[in-house]
Amino acid sequence: MKRFFAVIVPLSALVVFQPFVALGADANEETQLIAVLNSDHPLRDKDAACARLKWVGTPRCVPVLEGLLADAQMTQSACYALESMRCPEAGNALRQALAKTSGSNEVCIIDSLAVRNETAAAPDLARLQTGADSAVAAAAARALGHMSGPEAVSALQTGWSESGAGAVHQAQCDGLLACATRLSNEGDKEQASKIFKGLYDREKDDGIRLAAFRGEILSAGDGGAALLVQAIGGNDAPSQGAALQLAAKVGDSATTKALADLLPKLPVPMKIALLQSLAQRGDPSAQSSIVQMIDNPDVNVRVAAIAALGDLGDGSVALPLARKAAGATGAERSAARQSLVSLRHGPVTDPLLNLLADATPEVQTELIRALCDRGDAAAAPEMLNLAAGGNESTRSAALQALAMLAGPAQVQPLVQLVVNCTNDDVRSEVADVLTSVCQRLDSRKGQYDVQNLVKAVRTAPLDARLALLGVCSGVSDASIRDVLRAAASDPDARVHEAALRSLCETHDPGLLPDLIKVACGDKENKFRLLAVKGCVRLTTQDDSVRLPVGTKLDTLKAIAGTSLSVPEKQLVLSGLSTVNDQRALDLATPMLDDAAVRLEAAKAVIHIAESVSDAHPHEAGAALKKVLAMQTNPATRKSAEKAYKKLQ
Amino acid sequence: MSKVSAGISRRGFIRQAGGVLATAAAFPAIVPASVLGRSGAIAPSERITMGFIGVGGQGGGHLFGGAWTYVTGGYAGRKEVQVLAVCDVWRNKREGATARVNEHYREIYGNQFAPCQAYDDFRRVLERKDIDAVLIATPPHWHATMAAMAAQAGKDIYCEKPSAVTLGEAVAMRAVVQRYGRVFQAGTQQRSEYGGKFRQACEFVRSGRIGKLKEIYAYRDGGGILWPKRFGAGRPVPDGLDWDLWLGPMPWLPYDGNPVAHRDEFGELNWGQHHYDIVQWAADADETGPVEIFMEDKRSCYKYANGVVVYGKPYPDEPVGADGGACFVGTTGRIAVDRDSLVSDPPDLVREPLRPDEVHLYHSDSHSGNFLECVRTRQRTICPVEVAVRSISAVLLGGVAKQLNRTLKWDPKAEQFVGDEEANRLMTIAKRAPWNI
């Protein structure tokens, strides 16, 4: 605890710059602070003392603070302390000071009385509210609003005038609104409603009228919904504004119906606003009225209605939405597609599927898109049927959906589909989908039977074999490894190349040794670059593959130890830069000597050095120094300097 | 006799959408905000008229376009907006911005436009009946006061964060904005922007993809504002600066050469609300707050009634989260998000798209677009005043805990510290007259 004793320490420093000093009731400290306030200390010290008393002050300090309230320079400081003290003495002091102050000082005190909810001050405030000083009068009116209570309400109502204007009138309106709101919240809806209605009926300012009508709705109990509906259907802007803002939450399903029934009668802007309110209400009973709006002549109404159906609709609106998605353009189409995805009341998958059979191709495509985007795995079997037998656009859409939806049960049929395909493009498309499916299932550790795939790679017609070899890149399985290795040794060059390509794209860490062999092999081998890329990807970029750091480094070291082309070196450096290990630094640093990849090497070294700087500051520093010695690129130098400086 | 105005008039509250629609609430419908039913122009009577209060770095960015506004040309570049007023206490800023707005409109409309006016005093802007909405980008000590005054003047409000600098004024501001039924958007744009990453993260968390949510690492902790150092020597006020209006509700002090926005703040008052907005959203706590605030490793931390614990520090060895985000830890995994990244462990948690049966949160893909749309339709924005007050309250509660350096109990319903006068004293700072809310 800091003490403000004989040494005149700048109090401002102690309070302002050390806000985290532990607090506690310390009578000696308060005594000292009171002494400062009673002394000739500079205002700065007195202000700091007031600030400190806000924290530690008791009723003992109230008299001296009261004395400061009439001092124009210290009023706010004293209010700062007194305002938050709970003791009644503080409130009394503020009240008594009212008669001794004027102007902005008086306003400051009134504001503090309001914050304290000092209802005993209501008679004084009532008087001040009608005084000559408009700033004081306005503050008094605001304060009465804070306090509420019958006396405050009465004072405000007496002071308010229909012909009033200016800051005082505004404050009186605000005070009345605040009082009425509090009354309503405390259960006296009848009194609240009277105040609100009085303001709404007699006040000129539309902003006040809107606020008053809002209060009327909220304090009208069961009658509020009727007011709301009436206002929306009416022609008074303030009440409409208030009603629209509350339309999302007031009333029950009968209110929803009444609001929905208004839709056809409203002008376009109100229709749009009400549609959004109905969506926010979340009451599906509005669905049928909203459906009628999706063919409204105004495009914005149509879009709002379509969007609302996404939130409220059930499976019965799937067809009109799908037709919109197929036939409309722009915002309407986007809204329809999104709403099809969002439908969530009752069963939706079966209605979507049931519509497929009789739908036009365009509508079918939209239904399939929706099923895919909804993630409805139950739709996968039907997607297979459409992929096998549908027209071109439907088949393509179904295949895209299968890439997202297909599960283990669809793997074998997809293999068969590849085998049975007679069209090269379609076969390729199906193979791509099957690859995606396998990768997805693998990444989620899904179990599925690969034996049909293995058998087909070995025995299917050549075109199908080649396509299925590509699929193998997406599968991590011992049988698949065997069949890929066998294919890589196949005398048929096309099979051999398809197998190597698949190997280079594999996600199976079990094939890493095979991949390294190709990457480190004959540099004339046209797959070498792909193999290097595959090694780097598999060891450092594929987040479904988790390999120990040692394996990553051994792989990159093995490759780096061969004669590499510039692109291959760049790939290795990109891989090394992701390995936060000193050994990666040891591998990357020598590559700074190679002018062809010096920039890439510098970037890799900087990145690795930063990551190992805590554990290996010496090595990191040495590597960064080498970068600075050899690197001329300004941006890279700047990075290296920053990293080096951080080390120091 | 009741007064009836002209219904949906030319200057009424509801504007012809003019082909502009954005997202509605509570469902993931995405409707492009740029559909125009006509040749591309929107009649003056159908534009939302705006005043910009504070046109420094943030405000100028909103007005003319900047990295975080995500709209080329800012609000001035929007065809559905007419900027009628620019206000700043610095003469060069307000005059420069005004000239630039008028030059822009001249290029588009020739001489057929209502010119933008420059103002020193924001009250003159609020008095204008022809202005529908204001964007407040002043120093933070003005935010709550100005937002409340704007609501009282019948304006809709976009207000930069932090939404308030004390707990007391946050609550008071909310009461006023609600009372007047105004549309309010807090400048916590992460709920709308950045490709929807933050929303997705919150949807995944609330859909149970990480199991039961247990902990949140917020990367930043609490903050607040201090009573300034007053009665110093003072310096001449620069020509063109209205120092009295710069100070506003702050206690009077002589000009000290430090008219910077975040003076007298401590902790994470400036940035914290971005983080805690996402924390609250993911924890499904938009309508409540913590029940306990405690200190750990000199950082404020929080406990919620549902058992979730929020730490005001990074998750160990997880870099994602530092830039406006958080790391959510559940019983079966974790998700981390910030402005650049959305990641999870295991990785697949965030790869699968949101299913219809999962939790869908309010979808907005433009924070400014969402605000403007709600000005038209009177619907709730994605960051309304209720949400803003809760998120800034989390920051400010942490600030009180840091000042007192002990555990505090908080009643989120009463919005008071429980049986703790010492803490409750720190909920307000007396405002300079006449700026009390």
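Author: Happy to! One term before we start: a residue counts as buried when its relative accessible area is under 20%. Also keep in mind that this is a predicted model.

Reader: Good. With that in hand, which residues of strand 1 of chain B point one way and which the other?

Author: B:Ile48, B:Met50 and B:Phe52 go one way, while B:Thr49, B:Gly51 and B:Ile53 go the other, and all are buried. In a regular strand the side chains alternate between the two faces of the sheet.

Reader: Nice. How many bridges link strand 1 to strand 2 of chain B, and is the pairing parallel or antiparallel?

Author: The two strands pair in the parallel sense over 6 bridges, with strand 2 spanning residues 81–87 of chain B. As one example, B:Thr49 has B:Gln82 as its bridge partner in strand 2 of chain B. Strand 1 of chain B also runs parallel to strand 4 (residues 133–136) of chain B, joined by 4 bridges. There, B:Phe52 stands opposite B:Leu135.

Reader: What follows strand 2 of chain B, say around B:Asp88?

Author: B:Asp88 sits in the loop between strand 2 and helix 2 (91–109) of chain B.

Reader: Is B:Asp88 buried or exposed?

Author: Buried: its relative accessible area is 7%, and the cut-off is under 20%. Apart from neighbours within four places in sequence, B:Asp88 is in contact with B:Gly54, B:Val55, B:Gly56, B:Lys93, B:Arg94, B:Tyr119 and B:Asp120. B:Ala118 is 30 residues away from B:Asp88 in sequence, with 8.0 Å between their C-alpha atoms.

Reader: Switching to helices. Why is helix 4 of chain B largely enclosed?

Author: Helix 4 (residues 143–152) of chain B has 9 of its 10 residues buried, so the rest of the structure largely encloses it. The buried ones include B:His143, B:Thr145, B:Met146 and B:Gln152. Just past the end of helix 4 of chain B, B:Gly154 adopts a positive phi of about 80 degrees.

Reader: Okay, what about the open sheet with 9 strands in chain B?

Author: Its strand order is 15-14-13-7-12-11-10-16-17, with mixed pairing. Strand 15 (342–345) and strand 17 (416–417) of chain B are the edges, each pairing on one side only.

Reader: Last one: how many helices and strands does chain B have overall?

Author: 11 helices and 17 strands. Chain B has 437 residues, of which 65% count as buried. Its accessible surface is about 14,700 Å², with 50% belonging to carbon and sulfur atoms.

Methods:
Residues numbered from 1 in each chain as written. Chains lettered and ligands numbered in written order. Predicted model: local features only at pLDDT ≥ 70, side-chain atom pairs only at ≥ 80, totals over all residues. Heavy atoms only, no water. Buried < 20%, exposed > 50% of the residue type's maximum accessible area, 1.4 Å probe, protein only. Areas by Shrake-Rupley, 256 points an atom, 1.4 Å probe, with all protein chains shown as cover. Pairing = 2+ DSSP bridges. Contact = heavy atoms within 4.5 Å.
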